[in-house]
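Here is a walk through the packing of helices, strands and chains in one model. Have the sequence and the 3D view open as you read.

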Amino acid sequence: MGGYVLTDEGRKYLKDGLPEVRLAELLSSGPKSMEDAKKKIDSFSVALLWAKKNGWVAIEGSQLRLISQPKDTLHEKLAAASEGKETDKESLSVLLSRRLVAEHRMTLEKQAQKHVGKEVTSLSKELIATGRWKDVKLKPYNIEAAAKTIYPGKKHHYTAFLDWVKGRLTALGFEEMLGPIMETEFWNMDALYMPQFHSARDIHGVYQLKDPKFADKLEDRWLEPVKAAHESGVAGSRGWGYKFDADQAHRLVLRSQGTALSARQLPSAKVPGRYFSIARCFRPDVVDASHLPDFFQIEGIILDKTLTFRHLVGVLRMFAKEFAGTDRIKLVPSYFPFTEPSVELVAYHKELGWLELGGAGVFRPEVTKPLGVNVPVIAWGLGIDRIAMLKMGINDIREMFSQNLDFIRKREVVY
Amino acid sequence: MKNLEKLAKRKFSEHDLEYAKAELEGISGDVVKLKSADTNRPDLWSEEGIARVMRGIHGVSGGIPKLLAKKGTKKIMVASHVASVRPFISGFVADNVHVTDEMLRGMIAMQENLSENFGRKRQQIAIGIYSRRKMKFPLKYDAVEPDAVKFVPLESDEEMSLRQILQKHPTGKKYAGLLRGMSHYPILSDAKGEVLSFPPVINSSTLGKVEPGEASLFVEVTGPDQRQVMLAANILAQAFFDNGAKLEAVTSVYPNKTPMGKDVAAPDTTPQKISFQFGDIEQLLGIKLAKEDAISLLERMQYNAKITGTKVAVEVPCYRGDIMHPVDVIEDIAIAYGYNKFEQLELESFTAGALDRTTVFTEKLRRIMAGLGLQEVISPILTSRQASENMNMKEEMLELENPMTETYSAVRTSILPLLMQCLSRNKNVEYPQKVFEAGECGIMLMAKDIIKLAACITDSSVSFEHISSILDALMRSLGVEYKIRQVHDPRFIEGRAGVIMVGGDKLGVIGELHPQVLNNWGLENPVVAFELNASRLMEKAK
């Protein structure tokens, strides 16, 4: 019943009940004299008219008698009308004829009339609906005044950047790897052929958990072959030649390198397969402009039946193009305990100059063979924070992680 | 630089460093400062090492560099006592050296690099250099009780027992940890019983002092791993030899057979032998080399190489301990060939990219929360006991064994304290402040992490409705039915705290922060908040 409103009478009946219903209720305890009923029911004539019309009440001399219980009353139609809901045509015409509802327009018109000939600030509903806007003058605003500052709800600039990276990498065919931040030394280092006496494994290189100290269980299936690779080598390797400590492999640490996720992925990796991860990593560093208690590493692996160093060059070129927008790259010999050959990618960025963009290599057989992988695996890592910082106008890595609300709110949305 | 160029027999160029996996840090005057990228190539951590690579790569000398050592009769008698303390020692004599201040500095730098970095702060490798002239062979390497021997250590005038050195001498204190719990300490003395040194701690101030003008030196290495000890001795010997020294081998005579025998002479110039199929090169590098080119590349990287049929037989110089697998040699072929000469190949196989479902769900949460007008923040995953106590919580922490500071001494199990910390750092920033964070949290007593989502709203006046309406909108957006059940929680005001129930499971908390908590964080405006276990919510959401 959109466009209709209750009249005063309609509102009264909605509140107190319809008079014909009240009359029927009065008679439900037995016949009453006309006089009697008149006193008890206001709007008696209306009540009698509609009660008779509905066939609820009969006049027997001066007595009134209930002949059938009221049903299909207008009360619920009134209620619906008061809420602006639609009702059936028949009921609507009854309500209109009894003047219990009136066309909305009437009310709007009355209100709109007040403004006619005047200057108004806000263009109101009644002015628009009645067309009376033609009869008023709309006051001009100072639209050149400075806008009120509001802040949108939005993503943090760093996570927004990382979301962008995730989008680019999936577009390049990489599948995401996730894994625990509380990791065993096994996946964080052993599986990556980092000897247990490696300096990155001591208390200055990796955070250790206090309680629990050790993982309950590891997949023994991988522990033995990895242990053998360290102790005496695998697939033509002479190994590190020391006694591997299985307890240390169970030691719980905070993931210190994203490559731990690649190691975890290897046993179940698809061939061909491309994987990436954006991993929160932790190292015991003194916090300064370039070191944080935790940081993100972007990296991954590529598996295929035939992959060579030349494919690795192709992959690095693709990343340089994608993330630094450049074809100019230099490949520099590098060292990682888990790759051979190892390479550092240096790319020319038009604003930052020559920039270390990442490290990569082919996983050593001592990494892949014990985990059941018999195809070449390219491992890569990207350091593209500096490019993101440039785009965002940020100079200090700490600002990438900023908790300064003023700073965060005022960031332009770059990614 | 002058020395380097003299040793390399050519001009220094920064590009040469790439072959030695080193990076130029700076040149000031005649001093070239480098940073080595290869933690597994201690032979490159000296100017002799860099010069050696330059000589090889530019064809000044190919194949395994010369290393001659006269077979002498000099001996180190190793006593059985050292077996359980620091079992191995290797040493040699270097004559025809002309010790100058500059050379001394280089020698000390090399010694430090080897023993501190490669030798893991002298645990694996300790090096002693002595004036040969003052001592009498044969030497004796023994282990004695801490008070049995006294001598005057370097940088002291006082005679001290080994125990006193570890207690009082600065160097002694620094390395005391290496001998903790041992009943006997190593001692190296000469034929007259005069002390050379107390390995791995300090030299004596008499025999163990080297001064400019010296022409003959004795060098020794001790450690628990015989292979590493010999490698360090070889690296040192090669460096002295490259500098023009005449070497004389010294034999360590062990009481029992060791992995290298009973009588072990150093340096041991026997090359390590490794072989592989010629086709392995193409398989890994993707380039087809002529056999003579492969040999030439190997020789430039200072290997001796021979190709017979399909087999490549390689001899590795004795100062290299990093060759474990043919791939290590093949990398050197690639380096000599020039990384930048490799033509790229595209990946051929098709693979479908995808995000993990947890990432997809978390991203959805973040999108909804941002749409509800909240600003995302990110906090460290590491937190402190103080942060937990500020929340009126007295709970166990997921603590670290080796924190650097109290501030980052535990893995967070909840994001809420970190959001409060964030608010406390933004007291002077415009209100209202509406923040949220989604990220990893640990679970108490478990090495497992989950994703949580927390949100806070603060203003001069806020009511529970401000946060419950956000939670409600989030849950409706996710199609998750939930109920809030009143609960007692010390973080929140009594009667204004609830658990968020989804299908009979507690998935989070919601409430108005307790004024004590606000005081603890130094906050002056009321805060309403909720936190949800997003990992479990993911299982409930459609």
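## Helices, sheets and chains

In chain A, the axes of helix α1 (residues 8-16) and helix α5 (residues 75-82) come within 10 Å and cross at roughly 120 degrees. That makes α1(A) oblique to α5(A). The crossing of these two, α1(A) and α5(A), is left-handed. The residues that meet are A:Gly10, A:Tyr13 and A:Leu14 in α1(A) and A:Leu78, A:Ala79 and A:Ser82 in α5(A). By class, this contact of α1(A) with α5(A) has 4 nonpolar, 2 polar and no charged residues.

A quick word on what you're looking at: this is a predicted model, where local features need pLDDT of at least 70, side-chain atom pairs count only at pLDDT 80 or more, and totals for chains, interfaces and linings use all residues. Residues are numbered from 1 along each chain as its sequence is written, while chains are lettered from A and ligands numbered from 1 in the order in which they are written.

Now the terms. Helices (H or I, at least four residues) and strands (E, at least two) are DSSP runs, numbered from the N terminus. Axes are lines fitted to C-alpha atoms, for helices over the stretch in contact, and angles run from 0 to 180 degrees between N-to-C directions. Angles under 35 degrees count as roughly parallel, over 145 as roughly antiparallel, 65 to 115 as roughly perpendicular and the rest as oblique. A crossing is left-handed if the near helix is turned anticlockwise from the far one by less than a right angle, and right-handed if clockwise. Residues are in contact if their C-beta atoms, placed from the backbone, lie within 7 Å.

β3(A) pairs with strand β4 (residues 63-66) of chain A over 4 bridges, in the antiparallel sense. One bridge partner to look up is A:Leu66 in β4(A), which goes with A:Val57.

### Over to chain B

Which strands make up the open sheet here, and in what order? There are 3 of them in chain B, in the order β15-β17-β16, and the pairing is antiparallel. β15 (272-277) and β16 (304-308) of chain B are at the edges with a single partner strand each, so one side of each has no neighbour in the sheet. On average, neighbouring strands of this sheet are turned by 20 degrees against each other, direction ignored.

β15(B) and strand β17 (residues 311-316) of chain B pair in the antiparallel sense over 6 bridges, and B:Lys273 stands opposite B:Glu315 in β17(B). α7(B) lies across β15, β16 and β17 of chain B, at about 75 degrees to β15(B). Helix α8 (residues 291-300) of chain B packs on the sheet too, touching β16 and β17 of chain B, with its direction at about 160 degrees to that of β16(B).

| Helix pair | Axes come within | Crossing angle |
|---|---|---|
| α7 (residues 278-285) and α9 (residues 326-337) of chain B | 10 Å | roughly 70 degrees |
| α8(B) and α9(B) | 9 Å | roughly 95 degrees |

α8(B) and α9(B) are therefore roughly perpendicular to each other. Their contact is made by B:Ala294, B:Leu297, B:Leu298 and B:Arg300 of α8(B) and B:Ile333, B:Ala336 and B:Tyr337 of α9(B).

α7(B) passes α9(B) in a right-handed crossing. That contact uses B:Asp280, B:Ile281, B:Leu284 and B:Leu285 of α7(B) with B:Pro326, B:Val327, B:Ile330, B:Ile333 and B:Ala334 of α9(B). The residues of the contact of α7(B) with α9(B) divide into 8 nonpolar, no polar and 1 charged (Ala, Val, Leu, Ile, Met, Phe, Trp, Tyr, Cys and Pro count as nonpolar, Asp, Glu, Lys and Arg as charged, and the others, Gly among them, as polar).

### Where the chains meet

Between the chains, 76 residues of chain A are in contact with 70 residues of chain B. On the side of chain A that touches chain B, the classes are 36 nonpolar, 19 polar and 21 charged residues.

Technical notes. Two residues are in contact if their C-beta atoms, placed from the backbone, lie within 7 Å. Two strands pair if DSSP finds at least two bridges between them.
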